[in-house]
Amino acid sequence: MEYVILAVVIAVVAIGAVAGLVVSGRRRKELPPQAAKPVITAPKAPAEPQPEPHLGDEAAPPTEEPVRTVEEVPLPEAPEAVVVPEAEEAQAAPALEVPEPTAGRLVRLRSRLSRSQNSLGKGLLTLLSRERLDEDTWEEIEETLLTADVGVAPTQELVDRLRTRVKVLGTRTPAELRALLHEELVELIGTDADRSLKTAKHEDGRPAVVLVVGVNGVGKTTTSGKLGRVLVADGRKVVLGAADTFRAAAADQLQTWGERVGAHTVRGPEGGDPASVAFDAVKEGIAEGADTVLVDTAGRLHTKTGLMDELGKVKRVVEKHGPVDEVLLVLDATTGQNGLVQARVFAEVVAITGIVLTKLDGTAKGGIVIAVQRELGVPVKLIGLGEGADDLAPFEPAAFVDALIGD
């Protein structure tokens, strides 16, 4: 009996185990399939660079890549030709200016001069046209001449001559008075003086040397540049010497004037010896076969050496090449009688051969022409009539008087 019960228990246990396996299998079949895990591969190591072949090495084995023949390889497209203008290939030289001819230049600038000078001529003609010329009228005539900076002695001389001729003339028409005044003023200025500039090359081939002197502020460097244009207009080959080494930008200013007309400029270091620059300029002029060497001298020094001593040194050093042909004193016409003081000082150091009056268009004191000539015994050779490049004109007494008294 006991054996029967034990067998039953074993059978029950076996059946339960079999049922559990069946349920477990069904649950496994119902679970969703799991995603496949990604396969991680190690990165490939970079290929080692192939060593450069050396002399005697075996040739590398041929690759399996297809090789194209020469006929199959297309040629690269040729780039379009770029035309570079000659001006961009090399920096083009600035176009040279052609200065106006000096012949008749004062006549062309007459209107510019007459605008500021007519007060003198018209005032004199008005006074001389009065029916009765008494002492008061003649005093007014003297005052008009003195105001125009004619000077005391020339004024007295002109008034005496006018008195005499007016008495002889008797009845005076405007045309007769104008002709009378024109004649007397031209006589007072003088027509027999040599107003030409000695700028022609010497027979031995040495260039003419022109020194431009004057204090700063009178337009000396500008006048030197304009004078260079005058000489070029007259057919001269010019070398400029920038000997004003003590004024800032003076050498640059003169060089700019020279470049406009093709004149070479010799310059030195700022604050250098003016005499040395002047000497080198004349030396360069001889080497280049120039007709004229134009030297702009210093008008002010920052050293203890006096201006006049330095100017005398410049002249002596330049004369080692040969005599100086012209020494032109530049005066500001607006300074009037003060310009005469400057003229006396310069005349004591260097032999002035001619006078350049600048800014004559901006003053009614045209009589300074007469006064400065009487003071120095030196003729006015050039006058400045404006800021333009060609506003420097040779002085012509008749044309100047025409501008003074008008039509």
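Residues are numbered from 1 along each chain as its sequence is written. In this predicted model local features require pLDDT of at least 70 and side-chain atom pairs count only at pLDDT 80 or more, whereas totals for chains, interfaces and linings use all residues, and side-chain values rest on heavy atoms, with hydrogens and water left out.

The chain has 14 helices and 8 strands, where helices (H or I, at least four residues) and strands (E, at least two) are DSSP runs numbered from the N terminus. Of its 407 residues, 41% are buried, a term that stands for under 20% relative accessible area, with exposed meaning over 50% and partly exposed the range in between (1.4 Å probe, protein chains only). Among the contacts in the chain with a separation of 6 or more, 77% join residues 24 or more positions apart, contact being defined as heavy atoms within 4.5 Å.

A nonpolar core is taken as a set of buried Ala, Val, Leu, Ile, Met, Phe, Trp, Tyr and Cys residues joined through side-chain atoms within 4.5 Å. The largest such core holds 75 residues, of which L357, L360, I383 and F400 touch the most other members; its largest share, 7 residues, comes from α7. Apart from this core lies another, of 19 residues, which includes V218, V230, A251 and L382. Beyond its neighbours within four places in sequence, F400 is in contact with L106, L113, I189, L360, G366, V369, I383 and F395. F400 is also one of the buried residues of α14, together with P397, A399, V401, A403, L404 and I405. Helix α14 (residues 397-405) is largely enclosed by the rest of the structure, because 7 of its 9 residues are buried. Just after α14, G406 adopts a positive phi of about 70 degrees.

Helices α6 (residues 152-169) and α7 (residues 174-189) pack with their axes 11 Å apart and at an angle of about 145 degrees, the axes being lines fitted to C-alpha atoms over the stretch in contact and the angles running from 0 to 180 degrees between N-to-C directions. On the α6 side the contact involves P154, E157, L158, R161, L162, R165, V166 and L169, which meet E176, L180, L181, E183, E184, L185, E187 and L188 of α7. The residues of this contact comprise 9 nonpolar, no polar and 7 charged, with Ala, Val, Leu, Ile, Met, Phe, Trp, Tyr, Cys and Pro counted as nonpolar, Asp, Glu, Lys and Arg as charged, and the others, Gly among them, as polar.

Two strand residues were examined individually. T358, in strand β6 (residues 354-358), is buried with a relative accessible area of 6%, and, not counting residues up to four places away in sequence, T358 touches V218, T223, V330, L331, D332, A333 and G384. V266, in strand β3 (residues 264-266), is likewise buried, at 12% relative accessibility. Leaving aside neighbours within four places in sequence, V266 is in contact with V239, L240, G241, A242, V277, D280, A281 and E284.

The loop between β7 (380-384) and β8 (392-394) contains D390, which is buried with a relative accessible area of 14%. The side chain of D390 makes a polar contact with that of R229 at 3.1 Å; such a contact is a pair of N or O atoms within 3.5 Å, and within protein one must be able to donate a hydrogen and the other to accept it, residues adjacent in sequence counting only if both atoms are side-chain atoms. Neighbours within four places in sequence aside, D390 is in contact with P99, E100, R105, L109 and R229.
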